[in-house]
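Let's take a walk through a protein model together. Keep the 3D view open and turn it as you read.

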Amino acid sequence: MSVDIVMPKMGESIMEGTILKWHKQPGDKVQVDETILEISTDKVDTEVPSPDSGILSEVLFKEGDVVEVGKVIATLETNGQNKSAPEKSDENISKEKTEVIQEAPVKDTPAEKPKPDTIEKKETAEVSTSTHSNGEGKFYSPLVLNIAQKEGISLSELEKITGTGVGSRVSKKDILGYLNEKKSNPVEEVKVQETKHIPVKEESQIAKPDAAKKPIQIPQQKIDYNEEGLSVMEFDNVRQKMAEHMIFSKNVSPHVQAIAECDLTNVDKVRMSMKDSFEQKEGFKLTYMPFICEAVINSLKDFPLVNSVIDDSSVPYKAITRNSINLGIAVAMDNGGLIVPVIHNSDGMNLIGIARSLNDLAKRARIKKLTLNEIQGGTFSITNFGVFGNDIGIPIINQPQVAILGLGAIKKRPVVVETEEGDFIMPRKTMYITLSFDHRLVDGALGGKFTMRIAQYLENYKL
């Protein structure tokens, strides 16, 4: 029996992956869970295990190829029979890959071509469906179709784009190049729209997407790319998905903020008293972050509703509170991206355990060595913009969570200290914390109490 091995989905924002290395070649025996290949994405590098025991019969992509999530990359024969006994060269593999791409649409080809007067009405609907061909044997990947749908490119317009991919297929680069060229010549675009003679009333009759589920459509700016002195940077996959996720979050959640100033003087005394022995034993420095995480975990135990996620797929909404606290910590990557690894079951860890997990996840996040489980399942997130010197920031909630905590820079500031002998102005190490919360579930009272509870734990910290 043949088993298809597909490019795995490594997170919500990952749509494609690069094949780094094939550990097995056609004809090789493979055991269940044995590594077949290594893949790389913008966030994670990982190994792909075999789903079953058998013989690797076919490899459809070479090392270095970029493949969309869900696409078949190899075939495994689980009955022990090898369909590809003779060794296949890279040229043969590439040829078979081309044949698979070109022949796949034949199954969906209609018996009769649509009449000319119905093509214009159907072409927009065809682009938005899951069909990957135009009925004439020309293949379009789901990624290209998705871009075409978002940009309002009809099927007839898509057919005019010259493809540079395998079998002359239109690639992501081709359609983005076409869009840039189209935007640089807005006059021609207006003429094309005028020839369609679409009444204004028809636009209002089109079904609008659910505002709670779709990002807000921002009007596109018309930019003259021929203007001198312009520097153009195309968004990479991580930045594009992050932008979409942030717009989605602001559109879904009514964001409210609460800000508090925390005195970390006691935390600093404890940290300084144990930093040398800690570094000697653990091999890395003890920072303020484990203490802050510990205070957040204790506060989430006191106010478990803040540890919820909202299921808004039906009305009424549902607030789902987990018994465990999975703490997400935002990490800035070397390539400029951002990833949020998750410390699962952090409520069962002490200060040392939290510090070890933070150090391990941060190091592996920067070199893209996290597993899929380590970037999913968070119930509450922390982002530290203070590391760049910022005092106050307003973070955006990481959906579907209901709150996120932002940390400002830790600085010595003058603070009024009340004593039995009177009030004194003294230098204290303080930090501003900002809680952004979803007002659908967390009201101002709960958000304010939770924020101040974190500050209280930090100000009264004892080892």
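We will visit a strand, then a pair of helices, and finally some salt bridges.

Before we set off, note that this is a predicted model, in which local features need pLDDT of at least 70 and side-chain atom pairs count only at pLDDT 80 or more, while totals for chains, interfaces and linings use all residues. Residues are numbered from 1 along each chain as its sequence is written, and side-chain values use heavy atoms, leaving out hydrogens and water.

Five of its six residues are buried, so β8 is largely enclosed by the rest of the structure. Here, buried means under 20% relative accessible area, exposed means over 50%, and partly exposed lies in between, using a 1.4 Å probe and protein chains only. Which strands pair with β8? Strand β1 (residues 2-6) runs antiparallel to β8 and is joined to it by five bridges, with Val6 opposite Val72. Strand β6 (residues 54-59) is also antiparallel to β8, over four bridges, and there Glu58 faces Thr75. Two strands count as paired if DSSP finds at least two bridges between them.

Now find helices α10 (residues 289-302) and α11 (residues 351-366), which pack at an angle of about 115° with their axes 9 Å apart. The axes are lines fitted to C-alpha atoms, for helices over the stretch in contact, and angles run from 0 to 180 degrees between N-to-C directions. Among the residues that meet are Phe291 and Ile297 in α10, and Leu351 and Leu358 in α11; contact means heavy atoms within 4.5 Å.

Our last stop is charge. Side chains of opposite charge can pair when their charged atoms come close. The whole structure has 12 salt bridges, each a side-chain nitrogen of Lys or Arg within 4 Å of a carboxyl oxygen of Asp or Glu. One of them joins Asp268 and Arg271 at 3.7 Å, N to O. Both residues sit in helix α9 (residues 265-282), three residues apart, about one turn of the helix. Are they buried or exposed? Asp268 is buried at 15% relative accessible area, and Arg271 is buried at 14%. Together with Lys429, they form a network of salt bridges.

Another salt bridge joins Glu282 and Arg356, whose closest N and O atoms are 2.8 Å apart. This pair links distant parts of the chain, from α9 to α11, 74 residues apart. Arg356 is partly exposed, at 42% relative accessible area.

Terms used:
Helix = DSSP H or I, 4+ residues; strand = E, 2+ residues; numbered from the N terminus.
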